[in-house]
Each structure stands twice: as C-alpha cells, then as structure tokens.
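Open your viewer and get ready to click along.

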Amino acid sequence: VTFMKERMEHELAIATASMSHPHGVRYILKVPRALTGQEIHVSCDQYVLGHIVSNLLSNARKFCFHGSITLEFLGEKEDLLILGVRDTGTGVPPSIRNRLF
C-alpha cells in the first residue's frame, strides 16, 4: 500500500462517512509536514489496515461527544507503520479502566 497525505485524507473521509457524527465532532488527519507530498510504502493488507483504523476511530467516538478525533501518522520504524488516535472525549470511565489496561 502506498500512502500519501491526500490519499490518507480521502481514506479518513471514507472511514468516517459511515459513522454517525455526534454534534460538533470533527475528524482530523495529522501528517508531519516533512512527509507532505512524499509516498510512504507499507506492505500490508489494505483492508485489514482499514479495519484497524476504522476500529480505532470507532472506539474514540464512543466517548467523544464534541470536539475532535485525530488520526495521526507518527512515522515508520523497522518496517512498522505507527499511527495514533487522540480525542477530546471523556475517556474510559475509571471504574472499568483497570480491566482494560
């Protein structure tokens, strides 16, 4: 799979189109400026990667009722693609946090 910022923006739009948007929630893609216009080559199943990203965004949306959800490309390291998801939601309730982490 070859990624470019423009393609990632398109893929994010597709991934979030089927999600119901709570009032005022924006989806944002962050790609380091140094990578703008550059191709990033990743050996993976594009459908599996899409499913993983969709799940990460969906999980963030569960507790984010306003503000933003950001999908961030953090880089590559030893043949790994590093992505992060950040949101302005309330997070996982403390009462169940110890069961997850």
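Contact on this tour means heavy atoms within 4.5 Å. This is a predicted model, where local features need pLDDT of at least 70, side-chain atom pairs count only at pLDDT 80 or more, and totals for chains, interfaces and linings use all residues. Residues are numbered from 1 along each chain as its sequence is written, and side-chain values use heavy atoms, with hydrogens and water left out.

Start with the whole protein chain in cartoon view. Helices (H or I, at least four residues) and strands (E, at least two) are DSSP runs, numbered from the N terminus.

Next, select Leu12, which lies in helix 1 (residues 5-17). Is Leu12 buried or exposed? Leu12 counts as buried because its relative accessibility is 8%, and buried means under 20% relative accessible area, exposed over 50%, partly exposed in between (1.4 Å probe, protein chains only). Now show its partners: leaving aside residues up to four places away in sequence, Leu12 touches Tyr27, Ile28, Leu29, Leu57 and Leu71. Draw a C-alpha to C-alpha distance from Leu12 to Leu57: the two are 9.5 Å apart in space and 45 residues apart in sequence.

Last stop: select Val85, in strand 5 (residues 80-87). Val85 is partly exposed, at 31% relative accessible area.
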